[in-house]
Amino acid sequence: MKLHVIIYLSLLLFVGSGCSDFLDVQPKDKQSEEQLFATRGGFYTAVNGIYNKLAGSTLYGKNLTYEMIDILAFRYTPLSVNKYYTALVKPDYTDETVEANLSSIWSSAYATILNCNVLLKNLEISTGVLNEQEKKVLTGEALALRAFLHLDMLRLFGPVYVKNPSAEAIPYNESDKVSALPILAADTVMGRVLRDINAAEQLLKGNDPVIEQGAMASLEEDQEVYLRYRQLRFNYYAVLALKARAYLYAGDKANALTAARQLLADENVAKHFPAVDPNKLLANQRTPDRVFSTEVLMGFYDKARADIYTYYFDDETAGNNFLQPKPNFVLSSLFGNESQDYRYQTHWKTATSVGVQGDIFIKYKKIDKPKDEKNPDKPDKDLEYFHAVLMPLIRLSEVYYIAAECEPLLADGYEWLSQIRAKRGLPALPVKNERDLRTKLNNEYAREFWGEGQTFFLHKRLNTDYLWIDEAGYNYNGANYFEFTIPLPAGEIENR
């Protein structure tokens, strides 16, 4: 991606956020809403505002990727001086800071869902502003976003699904008006999630340009931006992956496998989302693609991504926010001494500060702008730099893991797992037994999604404290290590 395009995207997201502030709450007047959606650009301004909210620190810009959700999954041993982090690992959901942060996650998620509903309503009633393809693509994206956010609120605040799918969970908001909504049973919420995902799939199938043209992460001077950058939008392939994720969380392995196979058997997926190239990864010390961006089905643009490393993972600059696994954990326990794993080689390095032992997490460490060989003091505007500002939300690797778990034949499950391991520089696995496959899959989730928030949801889905309970370094004297049932925010309960 050219540098001027990155700057353009940054401005686009900023403008989208500012111009759609009316969506934060119910519009103050009907005229402002009608004016926005009277133009083609207005629709895309609203869409950009929604994605910008998704990328905010309250949601996936921090809490639901590398920080809060990973601390809840015992990824780190927080410093004792950080009372918020130590409350999270207990976990103490009555702590004022924890309670306030969970409440902000809830509020932001449902405000963003409301935005989706306002967009959906205006897409439905609009005539002559967008062409038919655009209407279908934007409607599909909005439905997918609504399902995606509800699914994560269900996975976070809902019951342990495998234990009690009929237990009360969360509301499912399909209205464009601000109103109190009933708390629904978890399986009812899941049914609506899957309904929206299936509707999004049908709208995007045959209309989403990602199918034939891929991510389109570039822009020439005479091109329109509107339906480009599909990797930064809820595209058709991301919807299929979300479908597989949702079915698996619901315990429907047959349908999860069908969705996974549909994605993995698509030749265009292999063409448009190829495995990370080890030659560009391991032999590239200046601009390594540590997030394996070519495999990311959907993510968001974060121009300040390097700050994540500086403020949370750098042993010299993070201060009280410093997050690190316990010493001697990463290579021996997490990677089982498979030091050839691309993720070990590129996501971790030995700490250098006095008094800090073990490895630190560098996936989001700053990547310098590529240099122009003819002018070494200046960045090369024509060299790719997209992977330095991309935060992943849905990876193709997860679909391999879902297929491996859901295959009825053990050998077929091992085959899917071996295929994705090969893309990480690892040998094929011998077929052993169901327990061994489960252990290997757990291990892969832990390696692959470090700093991306999926491990806690895996714990909760399986309802087990299956790996490295002592990783956080705390002695619980046999107490229940994982408390999966996160209470609804107090304000939400009071409004019932």
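Helix α18 passes helix α19 in a left-handed crossing, a crossing being left-handed if the near helix is turned anticlockwise from the far one by less than a right angle, and right-handed if clockwise. The model is a predicted one, in which local features need pLDDT of at least 70 and side-chain atom pairs count only at pLDDT 80 or more, whereas totals for chains, interfaces and linings use all residues. Residues are numbered from 1 along each chain as its sequence is written, and side-chain values use heavy atoms, with hydrogens and water left out.

Two packed helices are described by the angle between their axes and the distance between the axes. For α18 (residues 410–422) and α19 (residues 434–448), the angle is about 25 degrees and the axes are 11 Å apart; the axes are lines fitted to C-alpha atoms, for helices over the stretch in contact, and angles run from 0 to 180 degrees between N-to-C directions. The two helices α18 and α19 are therefore roughly parallel to each other, given that angles under 35 degrees count as roughly parallel, over 145 as roughly antiparallel, 65 to 115 as roughly perpendicular and the rest as oblique. Helices (H or I, at least four residues) and strands (E, at least two) are DSSP runs, numbered from the N terminus.

On the α18 side, L410, G413, Y414, L417 and R421 meet E434, D436, L437, K440, L441, E444 and R447 of α19, where contact means heavy atoms within 4.5 Å. The residues of this contact divide into 5 nonpolar, 1 polar and 6 charged; Ala, Val, Leu, Ile, Met, Phe, Trp, Tyr, Cys and Pro count as nonpolar, Asp, Glu, Lys and Arg as charged, and the others, Gly among them, as polar.

An α-helix has 3.6 residues a turn, so residues three or four places apart point the same way.

The buried residues are Q454, T455, F456, F457, L458, H459, K460 and R461, and just after α20, N463 takes a positive phi of about 55 degrees.

What does R461 form a salt bridge with? The partner of R461 is E405, and the closest N and O atoms are 2.8 Å apart, a salt bridge being a side-chain nitrogen of Lys or Arg within 4 Å of a carboxyl oxygen of Asp or Glu. R461 lies in α20 and E405 in α17, so the pair ties together parts that are 56 residues apart in sequence. R461 counts as buried at 12% relative accessibility, and E405 is buried with a relative accessible area of 11%.

By the salt-bridge rule the count comes to 28. In one of them, the side chains of D196 and R146 meet at 2.8 Å, N to O; D196 lies in helix α8 (residues 186–204) and R146 in helix α7, so the pair ties together parts that are 50 residues apart in sequence. D196 is buried, with a relative accessible area of 3%, and R146 is buried as well, at 7%. R343 and D341 also form a salt bridge, and a network of salt bridges links E295, E338, D341, R343, R421, R424, E444, R447 and E448.

For the chain as a whole, there are 21 helices and 6 strands, and 57% of the 496 residues count as buried.

Terms used: Buried < 20%, exposed > 50% of the residue type's maximum accessible area, 1.4 Å probe, protein only.
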